[in-house]
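Visitor: I would like to go through this model feature by feature, with the cut-offs stated. Where should we begin?

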Amino acid sequence: MQTDWYTSALPPKTGTHRPVLLKAFDDVAKQGIKLSSGGTLATFLSQKHDIALITPMTKLVILEYPDPRLRNKAQPVATVDDAVRQLADDLLETMYGANGVGLAATQVDVHKRMIVLDVSQSRDQPLVLINPEILNLEGKAVNEEGCLSLPGIYDKLSRATNIRVRALGRDGKPFELDADGLLAVCIQHEIDHLEGKVFVDYLSELKRQLIRRRLEKERKQRSTGSDFRANTRGVASGSSAVSSKPAL
């Protein structure tokens, strides 16, 4: 039976549309795959995917730190039904609209274990992980991270360089994935969100206090319309200059 735990609470469709490569999702579930920041779903599968379906989607509101709802631990998805697939599509639309490379359901106040990602340069290779579980971690490297829930904030963190993850795909079928580079970092970052963690939790208390003050100040400026960055959410650098760096 189709549930409406997610779709019944949605506002009317915005009229925004974005292609979803449904065949690619299906293919992923049929095999173990290896992806990295230098490869995309289409190139790994050695074929190009035609756009089979244009799906109406809704842009969701992204919670901003230190919103306490970001601390809620997400619950497993029991059944991958139409409501879950709609959530995946809306998460992707929201992520693309915010210039992100990853987004967790927790960040839009839906506390289900689902993350979406797209680290491709072409921005047309979506990946959906439902009930993701990291099976193995290897290596360490320090990289700069940002977050859509902390617009304009970037800092360096140490993460595993190579990971193996198990998840359900958009079609509900299980698969395992080996990832490195940006994709590995992104998956670790988004799974942290499902556990109620944000990347600044790894920073010092002093840094977190400074970040909270800065974000509070910028929210006040946006609310009065005095901040020219109000429409560059998630793409500003840690300084006052505008950056094109994507956020997770």
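Visitor: At the start of H3, which backbone nitrogen does a side-chain oxygen of aspartate 81 reach?
Guide: This is a predicted model, in which local features need pLDDT of at least 70, side-chain atom pairs count only at pLDDT 80 or more, and totals for chains, interfaces and linings use all residues. Residues are numbered from 1 along each chain as its sequence is written, and side-chain values use heavy atoms, with hydrogens and water left out. A polar contact is a pair of N or O atoms within 3.5 Å; within protein, one must be able to donate a hydrogen and the other to accept it, and residues adjacent in sequence count only if both atoms are side-chain atoms. At the start of H3, the aspartate 81 oxygen comes to within 3.2 Å of the backbone nitrogen of alanine 83.

Visitor: How many of the 16 residues of H3 are buried?
Guide: Helices (H or I, at least four residues) and strands (E, at least two) are DSSP runs, numbered from the N terminus. Buried means under 20% relative accessible area, exposed over 50%, and partly exposed in between (1.4 Å probe, protein chains only). H3 is largely enclosed by the rest of the structure, because the buried residues number 13 of the 16.

Visitor: How far apart are the end C-alpha atoms of H3?
Guide: The expected span of a helix is 1.5 Å times one less than its number of residues. For the 16 residues of H3 that should give 22 Å, and the distance between the end C-alpha atoms agrees, at 22 Å.

Visitor: Which residue does a cis peptide bond join to tyrosine 65?
Guide: Omega for this bond is about 5°.

Visitor: Which element supplies the largest share of the lining of the largest pocket?
Guide: On a 1 Å grid over the protein atoms alone, a pocket is an open set of points where a 1.4 Å probe fits, with protein on both sides within 12 Å along at least five of seven lines; lining residues have an atom within 4 Å of a point. The largest pocket has 12 lining residues, and strand E7 (141-147) and helix H4 (181-194) each supply at least two. The largest share, 4 residues, comes from E7.
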